[in-house]
Amino acid sequence: MKKTNFDEYLAKQMEDPAFATRFKEAGEAWDVAIQLAALREQAGLSQKELARKLKTTQQQISRLESPNYEGHSLSMLRRVAKALHARVRVVLEVDPPGKAAALAEDRLPYRIK
């Protein structure tokens with residue numbers, strides 16, 4: 001498959017570690033938002049109906065389903081999952097060797113040579 005201009009642009013941007021980190025984090029938030037909205041829709045509930053079940057507001061459900069929101073608490077995700085007959089599963093994965101050390105080095109206030 002031929003690469004598009006966007007594919008080439010994204011590949012170039014991904015060479016910047018700071019951009020790559022932001023891009024990955026945005027994807028994680030997007031995944032949570034999509035999953036919550038899909039589960040709610042599969043249950044046949046509106047945001048307002050789910051909010052009523054959880055004794056919260058429609059605005060809070062909207063916030064949880066927003067890809068820009070990063071304040072998901074485990075307790076709220078459990079409440080939503082229970083109301084939608086689902087379960088919460090969190091996976092932490094080890095970065096490739098050397099990446100963690102490189103990230104830690106970037107955060108040092110100064111470098112010793």
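**Nonpolar surface patch**

Leu 74, Val 88, Val 90 and Leu 92 form a nonpolar surface patch of about 390 Å². Such patches consist of residues with over 30% relative accessible area and no salt bridge, with nonpolar side chains (Val, Leu, Ile, Met, Phe, Trp, Tyr) joined within 5 Å and like charges within 9 Å. A salt bridge here is a side-chain nitrogen of Lys or Arg within 4 Å of a carboxyl oxygen of Asp or Glu. Accessible areas come from the Shrake-Rupley method with a 1.4 Å probe, and for residues only the protein chains shown count as cover.

The model is predicted: local features need pLDDT of at least 70, side-chain atom pairs count only at pLDDT 80 or more, and totals for chains, interfaces and linings use all residues. Residues are numbered from 1 along each chain as its sequence is written, and side-chain values use heavy atoms, leaving out hydrogens and water.

Leu 92 is located in the loop between α5 (74-83) and α6 (99-106); helices are DSSP runs (H or I, at least four residues), numbered from the N terminus. With a relative accessible area of 80%, Leu 92 is exposed (exposed: over 50%; buried: under 20%; partly exposed: in between).

Met 76, Leu 77, Val 80, Ala 81 and Ala 83 are the buried residues named in α5. They lie on the same side of α5 because they cover an arc of only 165° around the axis, taken from the directions from the helix axis to the C-beta atoms. Arg 78 and Lys 82 are exposed on the other side of α5. Just after α5, His 85 has a positive phi of about 55°.

**Gln 35 in α2**

Gln 35 belongs to helix α2 (residues 17-42) and is exposed, at 52% relative accessibility. Its C-alpha lies 8.3 Å from that of Glu 65, at a separation of 30 residues in sequence.

Methods
Helix = DSSP H or I, 4+ residues; strand = E, 2+ residues; numbered from the N terminus. Buried < 20%, exposed > 50% of the residue type's maximum accessible area, 1.4 Å probe, protein only.
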